[in-house]
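This report looks at how the parts of a protein assembly meet, first inside one chain and then between chains.

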2 protein chains.
Amino acid sequence: MSRAYNFSAGPAILPEEVLKQAQEEMMDFEGSGMSIMECSHRGKEYSAVHEEATANFKELLNLNDDYSVLFLQGGASTQFAMIPMNLLGEGQTADYVNSGTWAGKAIKEAQNNGNVNIVADCAKDIPTRMPSNDELSLSDNAAYLHITSNETISGAQYKEFPETNAPLIADMSSDILSRPFDANKFGLIYAGAQKNLGPSGVALVIIRNDLSEQTLGHVPTIFQYKTHIANNSLFNTPPCFSIYIMMLVTRWIKKTGAENLYKQNAEKAGLIYSTIDSSEFYSGTAVPEYRSDMNITFRLPSEELEAQFIEKAAEQNLKSLKGHRSVGGVRASIYNAFPVQGVEALVSFMKDFEAKNG
Amino acid sequence: MSRAYNFSAGPAILPEEVLKQAQEEMMDFEGSGMSIMECSHRGKEYSAVHEEATANFKELLNLNDDYSVLFLQGGASTQFAMIPMNLLGEGQTADYVNSGTWAGKAIKEAQNNGNVNIVADCAKDIPTRMPSNDELSLSDNAAYLHITSNETISGAQYKEFPETNAPLIADMSSDILSRPFDANKFGLIYAGAQKNLGPSGVALVIIRNDLSEQTLGHVPTIFQYKTHIANNSLFNTPPCFSIYIMMLVTRWIKKTGAENLYKQNAEKAGLIYSTIDSSEFYSGTAVPEYRSDMNITFRLPSEELEAQFIEKAAEQNLKSLKGHRSVGGVRASIYNAFPVQGVEALVSFMKDFEAKNG
């Protein structure tokens, strides 16, 4: 068998050595005679995994002691609800940037819960982009400002985060740990694991502890951040296997060197963008200064050519290049674990395809 | 390496052939060149898994078309909150049986949300038991009656379910698919997967569709049952790997034959209970007519002997026999996947230990 170059937007490609290790120890985790899936979440085998995953995130994100690292279930979609349930008090307003599909989903849940001020709206702009910081009409005394650091569908990415007085909250599902940034400037960061961190079934939440204290008692225990902070994400049985894979991925990031990985991510994206820019056949869909390094979105001269492109690419083991069904086009998602060789193979295929059809 | 006899209460032992298959196809799921963890949740590889898991549950539980099978995140603890959020309307009362720790947790979340009537309380009874149906002080027009079919910590299990006019809701986390019962008599059944069904990170929810329609709009989208019914549990990215393992487990149950498995479960429990009953050294903690076939709880003459028993057993590869920290004693959890040979090894160890220490 040959491993596919898997451009899926998520669930997405994982580091090959992580999968190999999971495979090797599937029937017997570290001599316990049990799979990690079979180990009690309060036993010594799983506890060591949980602690290493937590410590790795603290280290990789340079978190100071004001923050907790949580592993929660329900993905980013559950965070869309938990954030206003916990942090948007009665009579308060939450500021949200509407930058696309994912921001829109977060906004919908917040509006269901309280007062929301859309501080900028570029969700329908074509080419796609993020708002500049000058454009934001911030509220006085907002409970928080919510942004989506990378829009997976449109392929637009924040390059410089807003400066605010209100706690800054970011959905980083599709670009966490893909580039350097100062996590200590945020009130809360969340990310579904299934793009840069691991398999689906777990969301990483980084929260400044003081923010969790304001939650009102009527919020169900399981949906209160303070429940999970107080219990180190072990209030109930956590998604142990997903956290185990995430631990292996963070171990792989540390071994690779986060800075090396970040540099490589920019280079991988640069290879595809320069192919687009040197061609009259391909056109990028995002404003260049907001182009995502994770999800590279582009169009061909016609939908027929796009369909052919996607089909012929798949025949060459370049899989899942179809753009999201809501926007069409082509999308190459190249998260941390996506190999440079796969990007080179795509670029080579793009040139061939253009030569034949341009 | 030798596989342990793992008596863990959950996460718990899985069928060896399920783990082997997961291991074999870890790097390449059915020739896709991708791990099932790397496959898009909307792609053909994962879709087939999702559909097979759903169909297997419908078949194994003999569900009629009034029901939906859902795969949700957050475990039974999230269901404790979602049930009253969705099904306990303003001004209504929900009936709950308090049968122990797990029922108590469900009650606490319902009380946080609305009016609760405790229809029977035997949570503190020693020996542990379930209330008889005659004991229940049911409300007129209750929104529903909630029971816990098996109390994992105390080792008490319902043998005959209550008859009610209100929709019957059961937490079956620790005994789903371990014995025959008529699922079509229930309004809602839920079960964290990590005991009888698969790894942690997914909960099975069986819901009669009409019940989902009453949910009020202020409930966050992700916590509404109708959201997940309408989207076949694909409203957001599901916990794909946990569902994949659950699919393999249900396939294994079908291959083994559910009736064979149910018969074997009763026999396995019988072997241990008859060892307890024929001894003056061991004493069961549950009233005999409510003894659990899944979690067998017993005491030795002293805590010192219990500690020795657990330690010596572990040396013979009989692992995780320690009772829950809240009650002490010994607990042997013998879910579907626990092999008869392991039960025989335990019984043999019990007899030896008694001979040496009795």
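The domain bounds used below come from an automatic or database domain assignment. With those bounds, chain A is divided into domain 1 (16-255) and domain 2 (258-357), and the C-alpha centres of domain 1 of chain A and domain 2 of chain A lie 27 Å apart. The contact between them, where contact means heavy atoms within 4.5 Å, takes 26 residues from domain 1 of chain A and 23 residues from domain 2 of chain A.

This is a predicted model, in which local features need pLDDT of at least 70 and side-chain atom pairs count only at pLDDT 80 or more, while totals for chains, interfaces and linings use all residues. Residues are numbered from 1 along each chain as its sequence is written, chains are lettered from A and ligands numbered from 1 in the order in which they are written, and side-chain values use heavy atoms, with hydrogens and water left out.

**Two interfaces**

The size of an interface is often given as the accessible area lost when the parts come together. Here buried area is the accessible area (1.4 Å probe) that two parts lose on being put together, summed over both. The table sets out the two interfaces by this value.

| Interface | Buried area | Share on carbon and sulfur atoms |
|---|---|---|
| Domain 1 of chain A and domain 2 of chain A | about 2,000 Å² | 55% |
| Chain A and chain B | about 4,800 Å² | 56% |

**Between the domains of chain A**

Across the interface of domain 1 of chain A and domain 2 of chain A there is 1 salt bridge, a term that stands for a side-chain nitrogen of Lys or Arg within 4 Å of a carboxyl oxygen of Asp or Glu. A salt bridge joins the side chains of A:Asp293 and A:Lys159, at 3.9 Å from N to O. On the side of domain 1 of chain A that touches domain 2 of chain A, β7 (156-157) and α6 (240-256) of chain A each supply at least two residues; helices (H or I, at least four residues) and strands (E, at least two) are DSSP runs, numbered from the N terminus.

**Between chain A and chain B**

In this interface 61 residues of chain A are in contact with 61 residues of chain B. On the chain A side, A:Met27, A:Met37 and A:Glu38 lose the most area to chain B, together 15% of what that side buries. A:Glu38 also takes part in a salt bridge with B:Arg3, its side chain meeting that of the arginine at 2.7 Å, N to O, and the rule finds 2 salt bridges across the interface of chain A and chain B. Among the elements of chain A, α1 (16-24), α3 (75-87), α4 (101-111) and α6 each supply at least two residues of the side that touches chain B, and α1(A) gives the most to that side, with 6 residues.

How are the two copies related? Superposed by least squares on the C-alpha atoms of residues with pLDDT of at least 70 in both, chain A can be laid on chain B with an RMSD of 0.0 Å by a turn of 180° and a shift of 0.0 Å along the axis. The two copies are thus related as by a two-fold rotation axis. Moreover, 100% of the interface residues of chain A are also interface residues in chain B, so the copies meet through the same surface.

**Backbone geometry**

Most residues other than glycine have a negative phi, and most peptide bonds are trans. A cis peptide bond, with omega about -10°, joins A:Gly10 and A:Pro11, and A:Pro11 is placed in the loop between β1 (5-6) and α1 of chain A. In chain B, the peptide bond from B:Ile126 to B:Pro127 is cis, with omega near -5°; B:Pro127 has its place in the loop between β4 (115-121) and β5 (145-148) of chain B. A:Asn317, a residue other than glycine, has a positive phi near 75°, and A:Asn317 lies in the loop between α8 (303-315) and β13 (318-319) of chain A.
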